[in-house]
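Open the structure in your viewer and follow the stops below in order. Each stop says what to select and what is there.

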Amino acid sequence: MTKSALQIARAAYQPKLPKALTGVVAVKEGEPTQSVADQEAIEKLFPNTYGMPLIQFVEGQAQNVAEMNVGVILSGGQAPGGHNVISGLFDGIKKLNPNNKLYGFILGPGGLVDHNYKELTADIIDEYRNTGGFDIIGSGRTKLEKEEQFEKGYEILKELGIKALVIIGGDDSNTNACVLAEYYAAKNYGIQVIGCPKTIDGDLKNEMIETSFGFDTACKTYSEVIGNIERDCNSARKYWHFIKLMGRSASHIALECALQTQPNICIISEEVEANNMSLDDVVTYIAKAVADRAAAGNNFGTVLIPEGLIEFIPAMKGLIAELNDFLAANSEEFSSIEANKQREYIISKLSAENSAIYASLPEGVARQLSLDRDPHGNVQVSLIETEKLLSEMVGKKLAAWKAEGKYVGKFSAQHHFFGYEGRCAAPSNFDADYCYSLGYTASLLIASGKTGYMSSVRNTTAPAAEWIAGGVPITMMMNMERRHGEMKPVIQKALVKLDGAPFKKFAANREAWAKETAYVYPGPIQYFGPSEVCDEPTKTLQLEQAK
């Protein structure tokens, strides 16, 4: 395999560990826990894994640990640092006992069910240290939720002598990990299940999980490119750049990138929903900023838009819900209508309020809303080109204002969507260190006999030596939510807090950023050099922890 100069140099990087993990550790147990909501319902569903204490690892005395084999799964979308979680897990179990083996299940949870695996040996692990991607064993989105899947998984775990399974994933994957842990505990199968917090979206966090891995690297990758666009924008001075950023359920990425690059406008979905803004309110807000900059002679700017914005606009949410129900009930009739008459057909069938909203949408977006469904019959929101929708509607509003003499500038838009570009970047020093620590911590949770826990590393704005490693019961993060028509236990998503320090910092500066050209150019991720350049955590973490 041909390697770049960076890959070769990066392979030699030794991730930093919390001081407590560098020697022999002991378990310090905290208070019993309870779920964030719906305590009675969650306890009833998880009688064997509910109410367990928080765990912290501290320096301890040497002890013999029995030989054990461990399995690992990468689940869901990629996030920078996954390979280092596996490296940390490998090094951790080998330090406990050199005879321990690590097996990777291929292409996600499906590999467990289908008995598709390979042993991860030192030579394989060494090829992937400090690299981006999930290609060491691949990832997949198979949901582990049926008893027959759990039993098929148990067959191969028993055959390989695997004592514990580590599932590296987001909120849904870790919910599945907890269900699996409960099932194996109830059956007395002797299989432990440990989770690790992964998602670039940043919405898997709480007081014990300060950040999900990959968020740091992905935001730094996007911010580099946003900074490049801002510099181009400020050089040509003739375009408004509309940039959509990954993050369907929360706006953490958009907010972090705004704090790093200081764009003219950044829309935060959670604020749009809290203020009950309509699509026209959002369009008017952007158009006013464009007009104000034009009045000062600046016909250029940058707008950051979170991927899931449409679902947070209350009126659009109502329209999408009615469309989903209507098209599910009338799919045959709808598909028999000529394509050029489908728009009028839908307008005639919806309630008056939703009909008016649908009619106001540009043709392309209206078509996306009525055609593209996922397997559950829902609109595939990520396919909606929100950046083009907004720029088109802003353009129309500005043209109307120009005719009324309210606007004097020129408006020309460019469009971008940054998503996959950030998911497999070479992890930043922060993510390389954090992920290695999460994996190493997982090995110690296994050695301590724990199941139904998520690996936790805290105090992450301090130097890595001062990080606090331990475990948090996954049931502690759960609540009941309606999914596909029935109530299910799920890990509660962490949305942007409008009373939190990161949003407050943004809100205090956005008026100035809208008027001025106050762009910041973060540049590419730095792996070698001064600590303040290479090891800096996200602005979000620094503000949340007031560092």
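Start by selecting Leu120, which is buried at a relative accessible area of 1% (buried means under 20% relative accessible area, exposed over 50% and partly exposed in between, with a 1.4 Å probe and protein chains only). The model is predicted, so local features need pLDDT of at least 70 and side-chain atom pairs count only at pLDDT 80 or more, while totals for chains, interfaces and linings use all residues. Residues are numbered from 1 along each chain as its sequence is written, and side-chain values use heavy atoms, with hydrogens and water left out.

Leu120 sits in the loop between S5 and helix H5 (122-128). Helices (H or I, at least four residues) and strands (E, at least two) are DSSP runs, numbered from the N terminus. Now show what surrounds Leu120: leaving aside neighbours within four places in sequence, Leu120 is in contact with Val72, Ile86, Phe90, Leu102, Tyr103, Gly104, Ile125, Ile136 and Ile137. Contact means heavy atoms within 4.5 Å.

Next, select Asn130, in the loop between H5 and H6. Asn130 is not a glycine, yet has a positive phi of about 60 degrees. Is Asn130 buried or exposed? At 2% relative accessibility, Asn130 counts as buried.

Move on to helix H6 (residues 147-159), whose 13 residues reach 18 Å from the first C-alpha to the last, close to the 18 Å expected at 1.5 Å a residue. The expected span is 1.5 Å times one less than the number of residues. Colour the buried residues of H6: Gln149, Phe150, Gly153, Tyr154, Ile156 and Leu157. They pack against strand S4 (101-105), helix H4 (109-113), strand S5 (117-119), strand S6 (162-169) and helix H7 (171-186). After H6 comes Gly161, with a positive phi near 65 degrees.

Then display helix H13 (residues 314-329) and helix H16 (residues 352-360), whose axes come within 10 Å and cross at roughly 105 degrees. Axes are lines fitted to C-alpha atoms, for helices over the stretch in contact, and angles run from 0 to 180 degrees between N-to-C directions. H13 and H16 are therefore roughly perpendicular to each other (65 to 115 degrees). Ala315, Met316, Gly318, Leu319, Glu322 and Leu323 of H13 make the contact with Asn354, Ile357 and Tyr358 of H16.

Finish at Asn459, in the loop between strand S12 (453-458) and strand S13 (468-473). Asn459 is not a glycine but has a positive phi of about 65 degrees. Asn459 is partly exposed, at 23% relative accessible area.

Methods: Parallel < 35°, antiparallel > 145°, perpendicular 65-115°, else oblique.
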